[in-house]
Number of protein chains: 2
Amino acid sequence: MLKVKTIDIDFGAVEVVLNHNDALEFGLNPHDRIRVKGKCGSVVAIVNTSESLIGEGEIGIFTEIAKKICVRNGHKIDYERVGKPESLGAIKKKLDGGKLSQEEIASIVGDIVSKRITLVEMSAFVAGLQAVGMDLDEAEHLTKEMVAAGKTINFEAETFDKHSLGGVPGDKTTLIVVPIVAAAGLLIPKTSSRSITSPAGTADRMEVFAPVEHDINAIKKIVNKTNACIVWGGAVDLSPADDALIKVEHPLSLDPRPLLLASIMSKKKSVGSNFVVIDMPTGEGAKIKDKKEARDLARDLIEIGRRLDMTVECAVTYGAQPIGDSMGPALEAREALNTLEGNGTPSVIEKATAIAGIILEAGGVAGKGKGAEKALEILENGEALKKFREIIKAQGGNPNVTVEDIEKIIGKKKKVIISGRSGYVTKINNKAIGQVAKTAGAPHDKGAGVLLHAKGGTRVKKGGALYTIYAEQGFKLKEAEALALKTKPVLVEGMLLEDIPPTFLGRH
Amino acid sequence: MLKVKTIDIDFGAVEVVLNHNDALEFGLNPHDRIRVKGKCGSVVAIVNTSESLIGEGEIGIFTEIAKKICVRNGHKIDYERVGKPESLGAIKKKLDGGKLSQEEIASIVGDIVSKRITLVEMSAFVAGLQAVGMDLDEAEHLTKEMVAAGKTINFEAETFDKHSLGGVPGDKTTLIVVPIVAAAGLLIPKTSSRSITSPAGTADRMEVFAPVEHDINAIKKIVNKTNACIVWGGAVDLSPADDALIKVEHPLSLDPRPLLLASIMSKKKSVGSNFVVIDMPTGEGAKIKDKKEARDLARDLIEIGRRLDMTVECAVTYGAQPIGDSMGPALEAREALNTLEGNGTPSVIEKATAIAGIILEAGGVAGKGKGAEKALEILENGEALKKFREIIKAQGGNPNVTVEDIEKIIGKKKKVIISGRSGYVTKINNKAIGQVAKTAGAPHDKGAGVLLHAKGGTRVKKGGALYTIYAEQGFKLKEAEALALKTKPVLVEGMLLEDIPPTFLGRH
């Protein structure tokens, strides 16, 4: 029996801490597993050791786990040694180049969801998917097991959806696409992510208008009322295995193909989508480098969709610079509202109506080749705006919100970055400009971000404004400005890009 | 500025804990990296978050790191965000099937040793070595970088060494080989490991006779006095990169070939070995399955040796059952001393003299093919025992230790396991019998372990003793006995192994 001492640190895995001497005495090594039994359940945990924080006879339990098994400081609990989970064998098989059966994939997903395997072990799995990969059978099973491990929603009517592979900052098109599609009478229950590495995710943008954390029952009510929703998927537990794996993929900067496929398709299947359009931003500085890579990935997405009874259509879009002119939650929310009110930026309107158009055609609301036109009509006649305000209201926001309301939360500290020379904007570096917006405070500071005054191809004069950085706090503005001056995310060059003299070949 | 709060948990990586709200406010995600500056240095640490253990404005620092940068509870310290280490790019390159340059391998080893990369990232590296592997150029560079990252010892004279791939319990041959070789006048400074998964490592066995933790200066003195030492390598920091990687390999149950090569060869190079004999226990239940696998690995070991200016010779030995009759530190120490005193078990004598013989021949002390004979002579004429007592004395132990002294520390709790039938011992399961000894308390409880009364091929009667379990504590003896009854590590069968009746084919 050991005396509980709770430790409040958020780890991604289930761990306990024993006194160093106790661990030696019990013959337990760091990373061994024990099952600890609480008042309302038991959990398999990984052993760590401490010299003094945890005394002899004590067991340190992280708060999240203590809650789960109903133990508190001072409780006495029992433990027993357990072996390694069987999924480790399947992970090793993958590393050794093997093909995993559905049962083996199920054991891995099950152990991930129940946190029986550690981050170190999950990392080896992700590395195996990167190094060895999976064929489409395995990817199909991985997707299905991820769906089975999470919650699902089902709607009576045919359900439409969109997803973007991401990687391009400023992409607020979902806030335009969803109301257009819903206004046309089609069902589009959109779950979105928050930012991981970008200045804002769709959920961060929508949160400027209304709460985005709703449970499944609330989502059903919202969708029944309005044909649509724009909510944070993380609140619904649609694919807990995927949520867990992201905690490893992100620090490793890995995004292996089979996980990319399973991550997207499992979440779409979990909300009962019948038709999904996948936006693939492509070009320099985007996730997808060229059309060939896009087509190759599209083939897999469409095939996995087919195997899961979903029709998938892929839209390869221009992704070499930000979409629209703003990055950061409030700035992007303003641009989206402006667009719905008829004052949009051309790139946002064109992209949003193109994607909405694909869905309208698939849903039979527009004839073949007429979808984008129909979407533009719904945008321009104000029906999309009306629908957006209905969605805001159903999610608990203020349906009468104005551009001026949003402007009140845009950061008061700002700095205009000017051009050091006359010329043309030849490039906007997606990653660098996004990092400036993040350093200014986005997405946590909703008013922080970047507003572009000149996009690719625009002529600027020496001293002319390139972009403005907005921040809520002065020190973040200073840091963002320093970063901007260092990384120069917006490149201005003359028409003559390089002068190659005759001496270049070494002759005189 | 954040206020320090130290946290005493031993993690394998450098981590700090911020309040959840502060992390959001600073735009830091879990697993992001910050550099924290202490009074006597700075360190790059991985961010974790806490809701309550760490308050706003506080930073939790694990004790080991706090000591390293000289900060204490209540100190105010600064931090700055830092990017991902460059070695992550090299790890990804390996996962994508690339060949790593010496510079890339150096950056990985450097980041491992300075703990700039996390266990999760090290896991991806180990997984990459398992899935993709390394060619001999890469393995050579990995070995050299591991040597460069650690301490080294050099002796004036030609230096001999031995290493066992392990995996077979009860292998106390090093305690016999080293004194034989040293008594013959050759230099053999042996660094050994403690047990990771076995009932005892060589360092655990030697510790029954004398202290095994000595620094480099002490080792030089011991070797200058006696031609030899038997010390724990972990105390000398010979290959800190290898020590760190084991923390990942062990929980993953992975031992990729390039790491196996680099781990062995870097430690041998670090102690200045010129000639190394590598014992490769082979057979069912050993690490190496058959002679083909042994030869394949031997080729790589010999080649890496050549590239590092070491002569390597490999000895493929019988590894399908324990060596000698005992497992556990004190029981094995007794068997080793008995062997040196002329009362040895045949398998220990034969293996030890064979391996010592290879070294004696390489050192010119015995003619070709005469090494084992010469080794047996040194063992039987008492010179090896005399040398062993010199080594014990030089390392600070009692040179007059007797078998009776050692018997005093053998566990007082014991249980004889008997055979349920008459027949022959057809198999002793290395892993299962080792696990029984570990469950009884070995190697932490030096007196715990297993003594075999019948080895493979021996005839036993129903009710005859198979082995005795020794323990220092009653509850551990009970657990070990329960495990033994469940896993049955010693198999007794009749001469008729299976009776296949005519009905076997489904005909009557």
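Trainee: How many salt bridges does the rule find across the interface of chain A and chain B?

Mentor: This is a predicted model, and its values are computed. A salt bridge requires a side-chain nitrogen of Lys or Arg within 4 Å of a carboxyl oxygen of Asp or Glu. Glu25(A) and Lys476(B) form such a pair, with their closest N and O atoms 3.4 Å apart. Across the interface of chain A and chain B, the number of salt bridges found is 2.

Trainee: What is the area buried between chain A and chain B?

Mentor: On the contact level, 47 residues of chain A touch 47 residues of chain B. Carbon and sulfur atoms give 55% of the area buried between the two chains. That buried area is about 4000 Å².

Trainee: How many residue pairs are in polar contact between chain A and chain B?

Mentor: The count takes in pairs in which both residues have pLDDT 80 or more. Between chain A and chain B, the number of residue pairs in polar contact is 16.

Trainee: Which element gives the largest share of the side of chain A that touches chain B?

Mentor: Several elements of chain A each supply at least two residues of this side, including strand S2 (15-19), strand S4 (41-50), helix H3 (87-95) and helix H5 (119-131). By class, the side has 20 nonpolar, 13 polar and 14 charged residues. The largest share is 8 residues, and the element that gives it is H5(A).

Trainee: Which residue meets Glu80(A) in a salt bridge?

Mentor: Over all chains, the structure holds 72 salt bridges. In the one made by Glu80(A), the N to O distance is 3.5 Å. The pair links distant parts of the chain, strand S6 (residues 76-82) and strand S3 (residues 33-38) of chain A, with the two residues 43 apart. The partner of Glu80(A) is Lys37(A).

Trainee: At what angle do H14(A) and H15(A) pack?

Mentor: Two packed helices are described by the angle between their axes and the distance between those axes. Helix H14 (residues 346-362) and helix H15 (residues 371-380) of chain A have axes 7 Å apart. Among the contacting residues are Ile349(A) and Leu360(A) of H14(A), together with Leu376(A) and Ile378(A) of H15(A). The packing angle is about 115°.

Trainee: Is the crossing of H14(A) and H15(A) left-handed or right-handed?

Mentor: The contact of these two helices has 9 nonpolar, 3 polar and 2 charged residues. As for its hand, the passage of H14(A) by H15(A) is right-handed.

Trainee: How many charged residues are in the contact of H10(A) with H11(A)?

Mentor: H10(A) and helix H11 (residues 257-270) of chain A pack at about 145°, with axes 11 Å apart, in a left-handed crossing. Asp242(A), Asp243(A), Leu245(A) and Glu249(A) of H10(A) meet Leu259(A), Ser263(A) and Lys267(A) of H11(A). The class count gives 2 nonpolar residues and 1 polar residue, and the number of charged residues is 4.

Trainee: Which residue does a cis peptide bond join to Ala442(A)?

Mentor: The omega of this bond is about 0°. In chain B, a cis peptide bond joins Ala442(B) and Pro443(B), also with omega about 0°. In chain A, the residue in question lies in the loop between helix H18 (430-439) and strand S15 (449-452). The residue joined to Ala442(A) is Pro443(A).

Trainee: What is the phi of Lys115(B)?

Mentor: Lys115(B) belongs to the loop between helix H4 (102-113) and helix H5 (119-131) of chain B. Its phi is positive, in a residue other than glycine. The value is near 55°.

Technical notes:
Residues are numbered from 1 along each chain as its sequence is written. Chains are lettered from A and ligands numbered from 1 in the order in which they are written. This is a predicted model: local features need pLDDT of at least 70, side-chain atom pairs count only at pLDDT 80 or more; totals for chains, interfaces and linings use all residues. Side-chain values use heavy atoms; hydrogens and water are left out. Axes are lines fitted to C-alpha atoms, for helices over the stretch in contact, and angles run from 0 to 180 degrees between N-to-C directions. Helices (H or I, at least four residues) and strands (E, at least two) are DSSP runs, numbered from the N terminus. A crossing is left-handed if the near helix is turned anticlockwise from the far one by less than a right angle, and right-handed if clockwise. Contact means heavy atoms within 4.5 Å. Ala, Val, Leu, Ile, Met, Phe, Trp, Tyr, Cys and Pro count as nonpolar, Asp, Glu, Lys and Arg as charged, and the others, Gly among them, as polar. Buried area is the accessible area (1.4 Å probe) that two parts lose on being put together, summed over both. A polar contact is a pair of N or O atoms within 3.5 Å; within protein, one must be able to donate a hydrogen and the other to accept it, and residues adjacent in sequence count only if both atoms are side-chain atoms.
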